[in-house]
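The report below follows contacts between and within chains, and then turns to individual residues and their surroundings.

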Amino acid sequence: MKSVMKKIYFLTIMILTFSCQDFVEKQPYDIITDATVIQDEESAKGAILGMYSNFQDGNQYGNFIIAVPGVLSDELIHSGSFPTVAEMDQNEVIPTNVNIRNIWASHYTGIYIANTVLERIGTITIDPTLKSQLQGEALFGRALFHFNLANLFGGVPLAKETNLDVLRSISRATLAETFDFIISDLNQAATLLAGVDHGSNADNKNRATDWAAKALLARVHLYKGDLVTAGTYANEVINSGKFSLEANYMDIFGGNASSESIFQIFSSTNDQNGAAFWFRVDGRYEYAPSTEFQNAIEAGDVRAAVIDTQSGKVAAAKYVDVGTGTDQSIVLRLAEMYLIRAEANLGAIQADNDVNTIRSRAKLGNKTNVTLDDILQERFIELSFEGHRWHDLVRTNKVSTVMSVINPLTWGSNDVLMPIPQYEIDQNPSLKGFQNPGY
Amino acid sequence: MRQTLLLCMTFFLFATITVAQERSVTGTVTSAEDGTTLPGVSVLEKGTSNGTVTDVNGQYKITVTGDNSVLLFTFVGMATQEVSVGSRSSININLETDITQLSEVVVIGYGTVLKKELTGSVASVSADEIGKLPVLSVNQALQGQAAGVFVTANSGTPGGGISVRVRGQTSINASNDPLYIVDGVPVEAGNLVQQGFGGEQQNALAGLNPQDIESIQVLKDASTMAIYGARAANGVVLITTKTGKSGESRINFNTWTGWANETGRVEMVGSQDWIDLQNEARANDGLTAKTNADWGWDGTTNTNWMDEIFRTARISEHNLSASGGSENTTYYVSGAYRDEEGVIIGSGLERFSGRINLQTKASEKLSFGTRIGISNDKNSRIMNDNNIYGVYSASVLTPSIKPVYDENGNYVDALPSFNTNPVRSALVPRYDISTLKVITNLNVNYNIFEGLDFRSDFSYDLTEVSEDLYAPKSTSRGRGSDGLGQFNYIRRGTYAIEPTLRYTKTINNSHKINAILGSTFQERSTISSRVEGSGYGRESLTYITSAATITSGSSNRTDYSFNSFFGRVNYSMDEKYNLSASLRRDGSSRFGSGNKFGTFYALGASWIFSDESFMSGIDFIDLGKLRVSYGVTGNDQIGDFTYIGSWTGSANYQDLPASAPNNIENPNLKWEETSALDIGLELSLFQKVDFELGYFYQNTTDLLYGRPLPRTTGFAIVQENLGNIENKGLEINIRSVNVESNDFLWKTNFNIAFTKNKVLSLIDVNDEPLPQGFASAIIIGEPLNTFYGLKFMGVDPTTGESIFEDYNGDGSSTTDDNQVIGDHNPDFYGGFTNTFSYKGLSLDVFFQFVQGVDVYNYSQGFAMFPGSPWGLNTSLLDRWQNPGDITDIPKLSTVRGLNGADNSRFLEDGSYVRLKNIKLSYEFPQDLISKAKIKNLTVYALGSNILTFTKYTGADPEISSLANTSTAKGTDFLSFPQAKMYSIGLNIGL
């Protein structure tokens, strides 16, 4: 009996104890878990590449961030079929506009990746130089994402961490706070990226460098209205000797890493850029150069090549590779620095010189005593289809004058800002009541 | 003197009587059903404890005391017989099957229980009932057989997916399939085919031959299900395969062959009508008519595509089995082959299956057994459903103006835009799916001491699917890539070890305790791969070894593990009061770290009120039972790693691999939970009728759903447990023997369930309808599978325009007027079987019915718009043409307008009554065949699905293109209909 009881005890215990916690802990294969996404140098590099990859999205430099400022303004007209783009063309964007919602979403995904790098990089074993570099790149990315959002929406929620509970109820910052945050990130990035060399010429343009940070700082200060600081940064970039204007204007674009380019988004046949598909007749042809733009091109201007005619239709020609998508989207280039320095030095000879540097590259005659309008005109043509026009009009308070002529029936002063996507307001209680005026 | 004589005589008499009292009685006990001897029958002298058991030859010997003794013969599943011994010394008994099932044993989780002592709701289907149906798989055999179990076929594809729902749908994103256990082995129920075939999918149980099944029990309420814990919320289907019986061996051979055609089809117009309708639409819109040449018609071609693709299919099946055993070992061995052509050309299925079940008693205390079932089936599939490369779909879409072949005998690209040819799509590509299925179980039973047994089950379920797919460049699917070849492979194996301790004790003959304690270790591993190649030099090169470019390839692996501890106690007092309690603690690798283990429990009670003294006068009630149960079960089919925060490694930049965020973590992610209440009344009356009435209420909470997040978080949704669905209903089950005379028997089996489903809550933002599928939506307060669209009010006789209800009252009809227009939930459903037998002849008639489902006939809807180049439906011939016409078909136009929006014009009543099975069989009399040493010879003729009564105008009211969703069922979008079959067969038993 005793031995039987022993057997029973043994069996019972055997049955009872095997409620094993370890047995039901399984790790997935081939899924990078949140815990392991940044665990060493290789994975940290992979995460930063993921951040850059996010810029390639069709809601960013793969299309909309370069096209929307054109459609909203007098640079592009809607020649396609999407009603959401038609809304932009008529400056009648509604809060449920799906494209606007996706632009917002795509940027915040990129910010999330940048914040993941910034939070985790301190926890791994990593070469200190590489660490500074990756931090600098993440800060640059975070700043650029927020900047692109601010230019469309005004003050936006500033995402500084990855904590879900914080982010799901985050409030909007003011425009000033947003700019301060962006500037702070870029200043840090410039410091951390000082002297960083990514390797090849192309690599140094596809990834953030301290010059990219400074060039962006020039633009940010310009948009903020701080012309002096903007001019200082532009000057520093021009005088660095790292970049030179392309002799042939159209050589800047396409699949190269032009000498003029400071920061551009990578593309290849394996990793195609969809932008061309939206501009070209053999693609969607969703937008076309406006008559105002065509009329603004001066006779003899080499830059008339930015538009061409395909199958009898006028199309933008900066992104042309529909089949294999190898056009690289330019974010920052030297020509813009000249024009920023010119604007910063309005009234001085420097302004004339800088404008004329750009004009002579375009095989146009010189101008003297350049005015703000001259600079805006130059920017209109020089930086066409690169996502500048709307922002230039808005920051110089010329947007109402221009757009009330283009869209007399639908233009209203509230159209200066895009609506915060309705979906965001619905899901985030902190945004309720903070929609942009007029929506 | 007289007194003494009297005393002596009395004494002498007494002595004689005393001597005469001790008598030996012998005899043989046989089964009345098939004449086999029955070992193990209990023979008891009534009123005493004197008893014995029949031996391996069915023979017994018992010593009785007196001529007035009565012998009781009892055996499981047989009606107890009482015989007065009288003066006989040899009594042979023929035991009848217990019609009223009072002593029926019911298989429940981890054991069996007497039906009398059951506190829960279990639906049983027996081998007889399954054996009569010529179905491919066991889940088809459940249709219409069990109250509360709603079975629908997704389409008529041989081996295609079958949907089984026990007491309604509980989930939106997790699986709604019940847990299938075959001989204690948890068996894969999902679709493993990687290439999409629309809603048709694959039936994971097709590998299990229904002829090998002894019984199916569907556990429906908490007290029976909760012992399966986190896998049980959708019900548990327990399948037990056949075992041998000690005694003489039985060999059985069954063969049948049949002819099948489709149950219905969509009627399309002929060429002249097509041209006329198209031109009329143009005329109505002010456009000029196009000539025959413009339309691409040669003036004579009139291809009936339906005729081209449908055929009379041949189906046949052969089953051979042998069973028997000695005192200690029993065996059941079987082998079967089934060859099933599909009713559409180019489709068909071939299955080989075999089984060996062995059980042996190694010693007094130790017994063990093994069950191994293996099957291999090859399914030649065709593309279908919502797919332009489909055969049936293209046949609806292709107008009759194009021929099948051109003058050179080559296939014509008949369907405009997509360039498909339905006949070529059926015959030329190769889509062969081979499935190997192995279900095996080893059980070891050790009797520790009286009443206490240790039993352990070791089981393994393996499914291996290889998909060999090739579309040559002559087909439209293969054209763009110069021939498209794919090879997909998946191997899923689950092993489980379940040690248990089982204890049975009867105290004082009135308190019966049955307890079990056990644990489960289960691990599942899935490994899969796919490779695709393009660029084939010639049509005869069809494998990827010949492809010029490997366009993509990948492989992957996921694992899942499951661990539990459980216990159950069944207590029965005086065979009148029964209580059961079960508890189970489940841990699953699918649950987040915050909720790794869940606890599930149930309590049940039943009362045999017919045994109470106050019922003693009421004789016609043989058994009356009231039962109630309440418990909590879970559903862990939520995706293997949904709780993990994850990134993908598939982003890239500078042609280097990069990581991007994928899924936000939810460490608290857990199972969906269902609490269920069951109340029932069971009556057995007049020794002829079994009646069961049950009510259930189930509340499912913690539904897995993606809660939308603001994008500032970096993510769109977080998978959470939110959401609440309710299911309730009434089930009625009646079995009766209506007439039982000398040679004539008439039995009826009727089941019906009334069910209601309602989504109580989901995400609390706005309560807006969440669109699903084509015209379905999830709406709070409505059932799942609700249809949402415009309400069609008819055609204006003056203008011929459609009128839609202005639901929001804004003065105009737009898509803002969408409202609830119907749903695909039955008001009631069930089955009705009648069996008549007269001498050797027997007729079995089985009707299955469903009432109250709406079906969105999108197949027809798609073919009602001239202006597109597709085929047109014959219903258009009744269109409105002149003012004053009263019709439901609006004026023809090339512009769809609101007619093309989701609206109730295409929503039809899908209720039906179907003659599912009718079987006429003749069993040759024993005396005739026993000379040839044959024990059983039966011939039969069978018709299945031969009559369908329905108002539905589409091909088949049962099918569903989006059957793999829980929210958009009942949408018929080019799904192909089921088959009706006539067959003849023969059964020989040796």
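## The interface between the two chains

Across the interface of chain A and chain B the rule finds 1 salt bridge, a salt bridge being a side-chain nitrogen of Lys or Arg within 4 Å of a carboxyl oxygen of Asp or Glu. This is a predicted model, in which local features need pLDDT of at least 70 and side-chain atom pairs count only at pLDDT 80 or more, whereas totals for chains, interfaces and linings use all residues. Residues are numbered from 1 along each chain as its sequence is written, chains are lettered from A and ligands numbered from 1 in the order in which they are written, and side-chain values use heavy atoms, with hydrogens and water left out.

The salt bridge formed by B:Lys596 with A:Glu25 has its closest N and O atoms 3.9 Å apart. Between chain A and chain B there are also 13 residue pairs in polar contact, both residues being at pLDDT 80 or more; a polar contact is a pair of N or O atoms within 3.5 Å, where within protein one must be able to donate a hydrogen and the other to accept it, and residues adjacent in sequence count only if both atoms are side-chain atoms.

Several elements of chain A, among them helix 1 (2–17), helix 2 (41–55), helix 5 (98–120) and strand 3 (261–265), each supply at least two residues of the side that touches chain B. Helices (H or I, at least four residues) and strands (E, at least two) are DSSP runs, numbered from the N terminus. Helix 1 of chain A gives the most to that side, with 8 residues. By class, the side of chain A that touches chain B has 31 nonpolar, 17 polar and 11 charged residues, where Ala, Val, Leu, Ile, Met, Phe, Trp, Tyr, Cys and Pro count as nonpolar, Asp, Glu, Lys and Arg as charged, and the others, Gly among them, as polar.

In total, 59 residues from chain A and 62 residues from chain B take part in the contact, contact meaning heavy atoms within 4.5 Å. The area buried between chain A and chain B is about 5,200 Å², and carbon and sulfur atoms give 66% of it; buried area is the accessible area (1.4 Å probe) that two parts lose on being put together, summed over both.

## Domains of chain B

Chain B is divided into domain 1 (21–95) and domain 2 (127–268 + 304–785 + 824–853 + 910–989), with bounds that come from an automatic or database domain assignment. The C-alpha centres of domain 1 of chain B and domain 2 of chain B lie 43 Å apart, and the contact takes 6 residues from domain 1 and 7 residues from domain 2. These two domains of chain B bury about 440 Å² between them, 49% of it on carbon and sulfur atoms. Across their interface the rule finds 0 salt bridges.

## Salt bridges within the chains

Over all chains, the structure holds 70 salt bridges.

| Salt bridge | Closest N and O atoms |
|---|---|
| A:Glu298 and A:Arg359 | 2.9 Å |
| B:Lys437 and B:Asp461 | 2.9 Å |

B:Lys437 lies in strand 22 (residues 430–449) of chain B and B:Asp461 in strand 23 (residues 452–471) of chain B, so the pair ties together parts that are 24 residues apart in sequence. B:Lys437 is buried at 5% relative accessibility, and B:Asp461 is buried with a relative accessible area of 0%; buried means under 20% relative accessible area, exposed over 50%, and partly exposed in between (1.4 Å probe, protein chains only).

A:Glu298 counts as partly exposed at 27% relative accessibility, whereas A:Arg359 counts as buried at 4%. B:Lys512 is partly exposed at 26% relative accessibility, and B:Glu117 is buried at 12%.

## Buried positions

B:Asn578, placed in strand 27 (residues 577–588) of chain B, counts as buried at 3% relative accessibility. The side chain of B:Asn578 makes a polar contact with the side chain of B:Ser572 (2.8 Å). Leaving aside its neighbours within four places in sequence, B:Asn578 is in contact with residues including B:Lys116, B:Glu117 and B:Gly604.

In chain A, helix 14 (residues 334–344) is mostly covered, with 10 of its 11 residues buried; among them are A:Leu334, A:Glu336 and A:Arg341.
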